[in-house]
Amino acid sequence: MSEAKFNKAVEIVRSLPKDGPIQPSQDDQLFFYKYFKQGTIGDNTTTRPGMFDFTGKAKWDAWESVKGTSKEDSWKAYVEKLLEILNKVGDEDSKKYVAEIEAAA
């Protein structure tokens, strides 16, 4: 998986309208988060957030769960998950996004 495809996928995920037809679930959002962090930073070396920071703990746990995954494998997982979501929706915007990802070098 190329870094260009990954970067295009990240750009698409960040640009999705909150009220649009493409709505990644919370699990999908955590999936994107953990593989984005692993693919751009690498292994999580931060301390786990406190017991009342539920969102922070969920994100930390998600990122920790992919410790040791290479950046290339992280890019691939991220892009494949987005393509799966886009193909499931199947509207014109989704098809346009799929074409943009496939066109990335």
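This is a predicted model: local features need pLDDT of at least 70, side-chain atom pairs count only at pLDDT 80 or more; totals for chains, interfaces and linings use all residues.
Between Pro-49 and Lys-67 the C-alpha to C-alpha distance is 17 Å, with 18 residues separating the two in sequence.

Lys-67 is also among the residues touched by Gln-38, a residue of helix 2. Gln-38 counts as buried, with a relative accessibility of 2%. Not counting residues up to four places away in sequence, Gln-38 touches Asp-43, Asn-44, Trp-63, Val-66, Lys-67, Gly-68, Thr-69, Lys-71 and Ser-74. For Thr-69, a polar atom of the Gln-38 side chain lies 3.1 Å from the backbone oxygen.

The largest nonpolar core comprises 22 residues, of which Tyr-78, Leu-82, Leu-86 and Ile-101 touch the most other members. Two or more residues are given to this core by each of helix 1 (3-15), helix 2, helix 4 (71-89) and helix 5 (92-103). The most is given by helix 4, with 8 residues. Residues up to four places away in sequence aside, Ile-101 touches Lys-5, Lys-8, Ala-9 and Ile-12, as well as Val-79, Leu-82, Leu-83 and Leu-86. Leu-82 and Leu-86, touched by Ile-101, are listed with Ile-101 among the core residues that touch the most other members.

Note on methods:
Residues are numbered from 1 along each chain as its sequence is written. Side-chain values use heavy atoms; hydrogens and water are left out. Helices (H or I, at least four residues) and strands (E, at least two) are DSSP runs, numbered from the N terminus. Buried means under 20% relative accessible area, exposed over 50%, partly exposed in between (1.4 Å probe, protein chains only). A polar contact is a pair of N or O atoms within 3.5 Å; within protein, one must be able to donate a hydrogen and the other to accept it, and residues adjacent in sequence count only if both atoms are side-chain atoms. Contact means heavy atoms within 4.5 Å. A nonpolar core is a set of buried Ala, Val, Leu, Ile, Met, Phe, Trp, Tyr and Cys residues joined through side-chain atoms within 4.5 Å.
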